[in-house]
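Hi everyone, thanks for coming. Please have a look at the sequence and the structure before I start talking.

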Amino acid sequence: MAVAQRTSFLESVNLMFDRAAALLDVPPGLAEFIKRGNSVIQVRFPVKIRGEYRVLTGWRATHSEHRLPAKGGIRYSPHLTQADVEAMAALMTYKCAIVDVPFGGSKGGLRIDPKEYTEEELEVITRRFARELAVKGYISPALNVPAPDLGTGPREMVWIADTYRTLFPDDLNAIACVTGKPVTQGGIRGREEATGRGVEYAIREFFRHPEDVERAGLSGGLEGKRVIVQGFGKVGYHVAKFLDEEDDAKVIAIIERDGAVVDERGLKVEHVAQYFREHGTLRGYPDALFVEDGRTLLEEECDILIPAAVEGQITLENAPHIKARLIVEAANGPTTYEADNILRERGITIIPDVYANAGGVTVSYFEWIKNLSHMRFGRLQRRLEEMRGEQVIKAIEAAVGRPIPDHLKAGLTRGADELDLVRSGLDDTMRQAYNEIREVYLSRRDVPDLRTAAYVLAIDKIARSYRETGV
Ligand code: NAD
């Protein structure tokens, strides 16, 4: 197929799909069906804001329903298009398959700039949008479950849940109609950090395989690695923070919309975050160099580049100049199809979006399960585990005839709470999926990189599901 000079987000995702599907023995019609989305709805509705009517446009795309509910975030962005929503819905399908989360793929959003509205106005807009989608079957705990994405967060998710509950008061599982809620409103501990945490777990797993590290042109562990993060929102903030505080990596630059901060010695991420929260910009941050044209820093010397902002950031133009050895795609679609080809030819390793940012949907799955079970994880067994730990300690102390040191006791007598269980489940999911992708990559000579391996894995699983259930 002739590739246009500049491919859109949706075209990029579809070309990446085609490249992988061509390596699989999937009947052509079935591959085409998996690739094409099932349905997409466009809604237009008026809201009265500051005395005048504004007509807003939004979409919800359901890419696949081989597993239900279909799952995917809701984005608020002034640049949103239907095609972008469809691209992200497709990524959700592949992502869920890769990490074995039993959901179909969906995505939605409104073409608005949330910064233009007050909190009260956003509530009116969100509730109206939620109603439009819910009455048309595009929000429901059984069929279609949104989550936060760019420009939305726990606050919007509560408004959506409450709107749904008002419309369908007899739905016992109404609270499961959306994930990413605050913990006090049926959310789960660890969801807010989940995507960033998942990216961290993915990077850690990569560094557990010395051959992969060497193939990428790196050596040693994560400690001391020079990292650049683009986008300092929910995902970028968490991953930068964890790499800085828990993995002793050096976050040397953080790139935001209106500029970047740079410190070769490593930024104190939490300090930067406090400043960013207070001022809404990185400009003026006192303890680092400010670079006006932040995007140029994507090409800066570093070990790991983590795009965590928006799609289409690594393109035909800058791909030849990227110096990172490892790119970890925390954002959806940060690399265009052409850029992907250039980076592969240049031997740069990419941990692809369809896997790298799957932590969000994984923990959303845990939240959905929690909502359906109407009980917090760990509630039944936590004290039992603690009691067992105490018994084990007593038995060991009786056998060896001396007390166990207190710091060892503390670990043994602590039952797992919800956050422990969520992190354990997320870590396990990210490790397992990395190894499945890696296995495809290493076992097939025709699979040129981890992205193609991830797509091969996804398409294979989805095709199997359709074959077994019958189309
Ligand atoms: P967010 O709105 O919380 O943060 C995005 C940040 O990126 C903002 O601070 C914004 O100012 C910044 N930004 C926007 N355009 C930029 C640009 N051109 N250069 C530099 N910075 C820019 O959004 P988020 O939830 O962190 O999502 C970020 C990305 O991660 C998106 O691609 C999203 O689809 C993806 N993602 C998010 C989740 C999730 O759970 N939130 C899950 C999977 C994937």
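How much area is buried between domain 1 and domain 2? The answer is about 3400 Å², and carbon and sulfur atoms give 61% of that area. Before going on, please keep in mind that this is a predicted model.

Let me say where the two domains lie. The domain assignment gives residues 1-7, 15-36, 188-381 and 416-471 to domain 1, while domain 2 covers 38-187. Their contact takes 43 residues from domain 1 and 45 residues from domain 2. Taken over C-alpha atoms, the centres of the two domains are 23 Å apart.

Now for the polar side of that interface. There are 3 salt bridges between domain 1 and domain 2, and 19 residue pairs are in polar contact across the interface. Which elements give two or more residues to the side of domain 1 that touches domain 2? They are α2 (28-35), α11 (353-356), α12 (359-373), α15 (418-443) and α16 (450-469). Of these, α12 gives the most, with 9 residues.

Next, please find lysine 95, in helix α3 (residues 82-98). Lysine 95 is buried yet has no salt bridge. Which side chain of opposite charge is nearest to lysine 95? That is aspartate 353, 6.8 Å away. A salt bridge would need the nitrogen and a carboxyl oxygen within 4 Å. What the side chain of lysine 95 does make is a polar contact with the side chain of asparagine 357, at 2.7 Å. Beyond its neighbours within four places in sequence, lysine 95 is in contact with Asn332, Asp353, Val354, Asn357, Ala358 and Val361.

Histidine 66 is our next stop, in the loop between β2 (52-62) and β3 (70-76). Is histidine 66 buried or exposed? Histidine 66 counts as buried, because its relative accessibility is 17% and the cut-off for buried is under 20%. Leaving out residues up to four places away in sequence, histidine 66 touches Thr93, Phe103, Gly104, Ile462, Ser465 and Tyr466.

Let me turn to salt bridges across the whole model. How many salt bridges does the structure hold? The structure holds 51. One of them pairs lysine 107 with aspartate 149, with 3.0 Å between the closest N and O atoms. Lysine 107 is in strand β4 (residues 104-110), and aspartate 149 is in the loop between β5 (144-148) and α5 (154-167), 42 residues apart. Both partners are buried: lysine 107 has a relative accessible area of 2%, and aspartate 149 comes to 14%.

Another pair is arginine 189 with glutamate 418, where the closest N and O atoms are 2.8 Å apart. This pair links parts of the chain 229 residues apart, with arginine 189 in the loop between α5 and α6 (194-207) and glutamate 418 in helix α15. Here arginine 189 is partly exposed at 35%, whereas glutamate 418 is buried at 2%.

Alanine 324 is buried, with a relative accessible area of 0%. Its contacts, again leaving aside neighbours within four places in sequence, are Glu300, Cys302, Asp303, Ile304, Leu305 and Ile348.

Key: Residues numbered from 1 in each chain as written. Predicted model: local features only at pLDDT ≥ 70, side-chain atom pairs only at ≥ 80, totals over all residues. Heavy atoms only, no water. Helix = DSSP H or I, 4+ residues; strand = E, 2+ residues; numbered from the N terminus. Buried < 20%, exposed > 50% of the residue type's maximum accessible area, 1.4 Å probe, protein only. Lys, Arg positive; Asp, Glu negative; His and termini not counted. Polar contact = N/O pair within 3.5 Å; in protein donor to acceptor, adjacent residues only side chain to side chain. Contact = heavy atoms within 4.5 Å. Domains from an automatic or database assignment. Buried area = accessible area lost by both parts, 1.4 Å probe.
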